[in-house]
Amino acid sequence: QVQLVESGGGLVQAGGSLRLSCTASGRTASDRAMGWFRQAPGEERDFVAVIDWNGDYIDYADSVKGRFTISRDYANNTVYLQLDSLQPEDTGLYFCAADRYTGGIGTRSEARYGYWGQGIQVTITV
């Protein structure tokens with residue numbers, strides 16, 4: 001199985017930046033698309049970004065385009081989400097997830113992901 005652990009969350013002032021990390025347990029995750037999702041207070045969990053299994057395809061939700069950057073480090077089996085120009089509406093619990101299948105190009109569909117991190121809080125103050 002794939003174990004995922006997020007880190008790097010916290011509290012930041014509007015306009016600031018954070019970098020979230022998601023570290024997988026082994027090289028199995030290196031063959032899977034990796035996504036980021038978030039759940040704002042009182043709202044459903046939404047897609048944020050995905051990077052495909054080889055890092056060539058990237059997709060972002062419209063709400064974060066131009067502000068967030070997803071990347072991955074295969075040597076360290078880690079996926080990153082750089083959050084810039086943060087706004088209060090970015091507040092929420094952020095999850096990383098791994099595709100349940102290997103070799104995927106990436107998808108926005110939550111149902112495609114079979115492995116999930118525990119979630120990490122990001123709070124933006126005004």
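## Aromatic contacts in the predicted model

A search of the whole structure finds five aromatic pairs. The model is predicted. Phe37, Phe47, Phe95, Tyr113 and Trp116 form one aromatic cluster.

**Phe37 and Tyr113**
- The ring centres of Phe37 and Tyr113 lie 5.2 Å apart, with the planes at 80 degrees.
- An angle over 60 degrees counts as edge-to-face, so the Phe37–Tyr113 pair is edge-to-face.
- This pair links distant parts of the chain, with its two residues 76 residues apart.
- Phe37 belongs to strand 4 (residues 34–39).
- Tyr113 belongs to strand 10 (residues 113–116).

**Tyr113 and Trp116**
- Tyr113 also pairs with Trp116, at 6.3 Å between the ring centres.
- The planes of Tyr113 and Trp116 are at 65 degrees, so this pair is edge-to-face too.

**Burial**
- Phe37 has a relative accessible area of 1% and is buried.
- Tyr113 is buried as well, with a relative accessible area of 3%.
- Trp116 is partly exposed, at 26% relative accessibility.
- The cut-off for buried is under 20%, which is why Trp116, at 26%, is not counted as buried.

Technical notes:
Residues are numbered from 1 along each chain as its sequence is written. This is a predicted model: local features need pLDDT of at least 70, side-chain atom pairs count only at pLDDT 80 or more; totals for chains, interfaces and linings use all residues. Side-chain values use heavy atoms; hydrogens and water are left out. Rings of Phe, Tyr and Trp (its six-membered ring) pair if their centres lie within 6.5 Å; planes under 30 degrees apart count as stacked, over 60 as edge-to-face and the rest as tilted. Helices (H or I, at least four residues) and strands (E, at least two) are DSSP runs, numbered from the N terminus. Buried means under 20% relative accessible area, exposed over 50%, partly exposed in between (1.4 Å probe, protein chains only).
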